[in-house]
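Subject: Structure handover and notes

Hello,

Here is the structure I said I would pass on.

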Amino acid sequence: LFATIRKKSLRITMADYHKLIGVTTLVFNLMIAITGAWLGLQGLLQRPIVGDRPGTYQPEEMIFSKEEDAALTVDYNDVYEASRKLFPELEPKTFAPSTDGSAVITVRGTVPRTAFERFHFQLTLDKKTLKEVHRLDIRKESLGTKLFYIQESMHFGDWGGLILKLVYAFFGITSGFLALTGFVVYLKRTEKKRMEKPKFIELKPLLLRWTYGILSAILILLILSLLFGVVVPSLLVVVSAYGTLIFLLFRALFLFIKRKIKSKRLLTD
């Protein structure tokens with residue numbers, strides 16, 4: 001039955017927990033995987049698939065030269081007040097005056113309690129008159145535009161306040177338990193084979209070694225991120241993780257070819 005955990009042995013118990021966690025968190029993990037893949041590859045895929053960001057302002061003509069446009073002055077207090085009157089739900093975060101000759105200023109911000117990417121609701125105003133030229137209210141856009149702007153917020157869960165963050169944290173921990181239970185099942189399944197090796201280590205001390213190793217790696221990454229920002233630890237993780245994966249794949253391929261050649265020689269002899 002669903003959610004039944006058998007207690008016959010450690011391997012069966014961990015396998016049941018593994019399947020239960022996998023099924024109950026499947027939708028969440030798929031969402032994280034799909035949105036994460038898109039965000040990671042967006043720089044490569046966006047332009048050939050989507051083009052420019054949907055809903056952004058594209059001026060039909062340039063009223064001024066670039067120099068004249070850049071020389072136009074605006075009062076940001078007036079821009080703020082105008083944006084609040086024209087788009088009351090918008091919480092302005094940034095102001096971006098044009099320098100291409102279109103003579104506009106774009107106000108970007110967030111509409112609270114909406115599951116869309118932060119700071120991407122837009123209100124474009126004329127620099128001189130502060131009248132509305134263009135508006136991007138994602139709530140009223142097409143389904144495709146909504147899907148485009150929902151990826152990041154769904155991946156990070158940063159639109160529903162503390163409660164949603166706690167939910168994301170809980171599901172994130174369950175993903176860790178997937179790795180842990182799967183690892184235990186693998187170790188128990190291969191225990192007899194590993195016992196034949198001279199360097200055999202029992203389950204408990206082996207798990208302790210892995211735990212201390214992972215905690216040490218996290219601590220090192222934490223210190224590096226505090227000293228150098230996110231780039232250095234990210235590069236280390238990517239290079240080490242993908243480097244190890246590539247090494248294991250080539251090693252498996254080499255051993256596979258070696259076995260094939262050896263078997264052919266035996267058949268020939």
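In which helix does L178 lie? L178 lies in helix α6. Please keep in mind throughout that this is a predicted model.

L178 and its surroundings

L178 is buried, because its relative accessibility is 18% and the cut-off for buried is under 20%. Apart from neighbours within four places in sequence, the contacts of L178 are H18, I21, G22, T25 and N29. For one of these, I21, the C-alpha atom is 6.7 Å from that of L178, although the two residues are 157 places apart along the chain.

Helices α2 and α6

Two packed helices are described by the angle between their axes and the distance between the axes. For helix α2 (residues 26–49) and α6, the angle is about 95° and the axes are 11 Å apart. The two helices are therefore roughly perpendicular to each other, since angles of 65 to 115 degrees fall in that class. On the α2 side, the residues that take part are F28, N29, M31 and I32, and they meet Y168, F171, G172, S175 and L178 of α6. Sorted by class, this contact has 6 nonpolar and 3 polar residues, and no charged ones.

Further along α6, which covers residues 161–189, is Y186. Buried or partly exposed: which is Y186? Y186 counts as partly exposed, because its relative accessibility is 43%.

Aromatic pairs

How many aromatic pairs does the structure hold? There are 8 aromatic pairs in the structure. Two of them are given here in detail.

F28 and Y168 form an edge-to-face pair, with 5.3 Å from centre to centre and 80° between the planes. F28 is in helix α2 and Y168 is in helix α6, so this pair ties together parts that are 140 residues apart in sequence. F28 is buried, at a relative accessible area of 13%, and Y168 is also buried, at 13% relative accessibility.

Y76 and F95 form an aromatic pair that is edge-to-face as well, at 5.8 Å centre to centre and 65° between the planes. Here Y76 belongs to helix α4 (residues 76–86) and F95 to strand β1 (residues 91–97), so the parts tied together are 19 residues apart in sequence. Y76 counts as partly exposed, with 39% relative accessibility. F95 is partly exposed too, with a relative accessible area of 28%.

Ring pairs also link F28, Y168, F170 and F171 into a cluster.

A charge over a ring

R135 lies over the face of F87, and the distance from the ring centre is 4.6 Å.

T124 in strand β3

T124 is placed in strand β3 (residues 121–126). How much relative accessible area does T124 have? T124 has a relative accessible area of 0%, so it is buried. Not counting residues up to four places away in sequence, T124 touches Y57, V104, I105, T106, K131, E132, V133 and H134.

Regards

Methods
Residues numbered from 1 in each chain as written. Predicted model: local features only at pLDDT ≥ 70, side-chain atom pairs only at ≥ 80, totals over all residues. Heavy atoms only, no water. Helix = DSSP H or I, 4+ residues; strand = E, 2+ residues; numbered from the N terminus. Buried < 20%, exposed > 50% of the residue type's maximum accessible area, 1.4 Å probe, protein only. Axes fitted to C-alpha atoms, helices over the stretch in contact; angles between N-to-C directions. Parallel < 35°, antiparallel > 145°, perpendicular 65-115°, else oblique. Contact = heavy atoms within 4.5 Å. Nonpolar A, V, L, I, M, F, W, Y, C, P; charged D, E, K, R; others polar. Phe/Tyr/Trp six-rings, centres within 6.5 Å; stacked < 30°, edge-to-face > 60°. Lys NZ or Arg CZ within 6 Å of the ring centre and 35° of its normal.
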